[in-house]
Amino acid sequence: MHRNLGTEFIHVMQKRTVVRILLIFTLVLNVANLFAKEPQKGDDGGKVNTKSEIDAYIEHHLQDSHDFTLWSDGETGSHVGFPLPVILLDNGLKVFSSSRFHHGETIAEVDGNYYKLYHGKIYKTDAEGTINYDEDHHPTNAKPLDFSITKNVVTMIFVGVLMLLLFGGLARSYKKGALPTGFGRVLEPLVIYVRDEIAIPNIGYEKHRKFMGFLLTVFFFIWILNLLGMTPLGVNVTGNIAITVCLALFTYFITQFSANKEYWKHIFWMPGVPVIMKIVLMPIEILGTLTKPFALLIRLFANITAGHVVIMSLIALIIMADNLYVMTPISLLLTIFISVIELLVAFLQAFIFTMLSALFIGLAVQDHEHH
Amino acid sequence: MDKLINDFSFGLFFWQAIILLVLLFLLRKYAWKPILDSLNNREEGIKNALESAEEAKKEMQNLQADNERILNEARAERDGMLKEARQLKETIITDAKAEAQAEADKIVAQAQATIASEKKAAIAELKSQVAELSVEIAEKVVRKELANKKDQLELVDSMLGDVTLN
């Protein structure tokens, strides 16, 4: 088990180093471009072609959105996509279509309340849509609780339905015969892989069955979402902190609720050490249970976000370039290269998340042998 | 960190939790359970089939070994019987030979004994006849001696001539 964690750690470190080097590389190129070209802001409509505009565009892409925008034309200001329902909890439930924001350009008036979409968040404003700022340039307007069906929620529902169809189909195919047919032949080895390479080595054969549902669901959920993040749909679900927090919390609660007596004993009253050490170790161990899922959520979030930033920066090189004929092939090659790595990362992060979840669960349920 | 907390959307968290819970429930019921059950069943089936094949193979080997053993035993028995028969034949022959020899010796010995006794009897008879003849001769000699000396001698001569003729 320690060996597994060790090799996994090394893999992650190697991969991180690669990502880091590439990030630095991209940054250097970006900075070079910044000096090469004078930023000309505001005189060419909504076109995205300056350094700061690209930064804003990337940041915007990384964030959740209240519309499902497939692409937008900056010059004419038209967006192609479809609006999504906005659900606000502000003195009662307010449900309306996000089309009423017109991509943040207008103020939506619902039941006498005015709402404005500002940097991806909905603020309550007056009829003119005034946003007040504090000294750090953060808006001070009231933020109603936002339960909107956003782009990420739609994507997750889509992935959920997809998984139900795929794996429900696989389950049904077993009724016809012992061997799966069609796409099930691709899915079955993956299910077996999760069971034999992730669940059983970490949790043990006797106890793995109970946690298979969670591990399989999380593995495929993260993986499919990661892969969708690489499509031009432009969704970035697993690079969203709320998503990874939720996933990590699931692992945390499952670990804590399935933990056996031995596990709690090791946390609150570490056997085999002096009493003073027991008291000192207690808060450290309690904190330790929290740092494990925290590592999970940060790892997934940071890896996926970094991948998106790198790919979008490399694509942006084309726009920033002085010489399109030189820069386009370089940018394309680099983007393809990083995309291939990201394909691997998409799997790797799903694998690592599931693997570490299985490891934490395994640590909590295993019978300790006293050495 | 400040940005991360600022980016944290409670709504998204809420929906994610609900979607994940529903997904977990539905997938567990309609996908993972049947999939893992059938996988287990299939693997058990394969394992059992392999085991029984192994068992059958072992049984076959046992049977073959049994056959081989029985065949070997039969062969050994046949060899033993043949050997015994050969020995029996030899002993019978040697016995017969020895018996025949003994019988022949006995017959020869008996014949020799008979010959010897016959010879003895013949010699004894000859002796007695010679004795009788001698007595007769002596008688005749004695009788003639009483008449003529010359006649006596002639008589003896003729008598002796008779003896040799006899």
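This is a predicted model: local features need pLDDT of at least 70, side-chain atom pairs count only at pLDDT 80 or more; totals for chains, interfaces and linings use all residues.
Figure 1. The unreviewed UniProt entry lists residues 36-91 and 116-143 of chain B under "coiled-coil region". In the model, residues 36-91 of chain B are 100% helix and 0% strand, with 81 Å between the end C-alpha atoms. Residues 116-143 of chain B are likewise 100% helix and 0% strand.

**Figure 2. The annotated transmembrane region of chain B.** Residues 12-32 of chain B are listed by UniProt (unreviewed entry) as "transmembrane region". The span is modelled as 100% helix and 0% strand. Its end C-alpha atoms lie 26 Å apart.

**Figure 3. An aromatic pair between A:F167 and B:W32.** Over all chains, the structure holds 20 aromatic pairs. One of them is formed by A:F167 and B:W32. The ring centres are 4.7 Å apart and the planes make an angle of 50°, a tilted arrangement. A:F167 belongs to helix α3 (residues 151-176) of chain A and B:W32 to helix α2 (residues 10-145) of chain B, so the pair joins two chains.

**Figure 4. Packing of helices α4 and α5 of chain A.** Helix α4 of chain A covers residues 184-203, and helix α5 of chain A covers residues 208-228. Their axes come within 10 Å and cross at roughly 125°. The two helices are therefore oblique to each other. The crossing of α4(A) past α5(A) is right-handed. On the α4(A) side, the contact is made by A:L190, A:V191, A:V194, A:R195, A:I198, A:A199, A:I200 and A:I203. On the α5(A) side, the contact residues are A:H208, A:F211, A:M212, A:L215, A:L216, A:F219, A:F220 and A:W223. By class, this contact has 14 nonpolar, 1 polar and 1 charged residues.

**Figure 5. Packing of helices α5 and α6 of chain A.** The axes of α5(A) and α6(A) are 12 Å apart, at an angle of about 170°. This angle makes α5(A) roughly antiparallel to α6(A). From α5(A), the contact includes A:K210, A:F211, A:F214, A:V218, A:F221 and A:I222. From α6(A), the residues in contact are A:L247, A:F250, A:T251, A:I254 and A:S258. The contact of α5(A) with α6(A) has 8 nonpolar, 2 polar and 1 charged residues.

**Figure 6. Packing of helices α6 and α9 of chain A.** Helix α6 (residues 241-258) and helix α9 (residues 324-365) of chain A pack at an angle of about 20°, and their axes are 8 Å apart. That angle makes α6(A) roughly parallel to α9(A). The crossing of α6(A) past α9(A) is right-handed. In α6(A), A:L247, A:A248, A:T251, A:I254, A:T255 and A:S258 take part in the contact. They meet A:F353, A:S357, A:F360, A:I361, A:A364 and A:V365 in α9(A). By class, the contact of α6(A) with α9(A) has 8 nonpolar, 4 polar and no charged residues.

Note on methods:
Residues are numbered from 1 along each chain as its sequence is written. Chains are lettered from A and ligands numbered from 1 in the order in which they are written. Side-chain values use heavy atoms; hydrogens and water are left out. UniProt positions are given in the numbering used here, feature names are shortened, and annotations may be inferred rather than shown by experiment. Helices (H or I, at least four residues) and strands (E, at least two) are DSSP runs, numbered from the N terminus. Axes are lines fitted to C-alpha atoms, for helices over the stretch in contact, and angles run from 0 to 180 degrees between N-to-C directions. Angles under 35 degrees count as roughly parallel, over 145 as roughly antiparallel, 65 to 115 as roughly perpendicular and the rest as oblique. A crossing is left-handed if the near helix is turned anticlockwise from the far one by less than a right angle, and right-handed if clockwise. Contact means heavy atoms within 4.5 Å. Ala, Val, Leu, Ile, Met, Phe, Trp, Tyr, Cys and Pro count as nonpolar, Asp, Glu, Lys and Arg as charged, and the others, Gly among them, as polar. Rings of Phe, Tyr and Trp (its six-membered ring) pair if their centres lie within 6.5 Å; planes under 30 degrees apart count as stacked, over 60 as edge-to-face and the rest as tilted.
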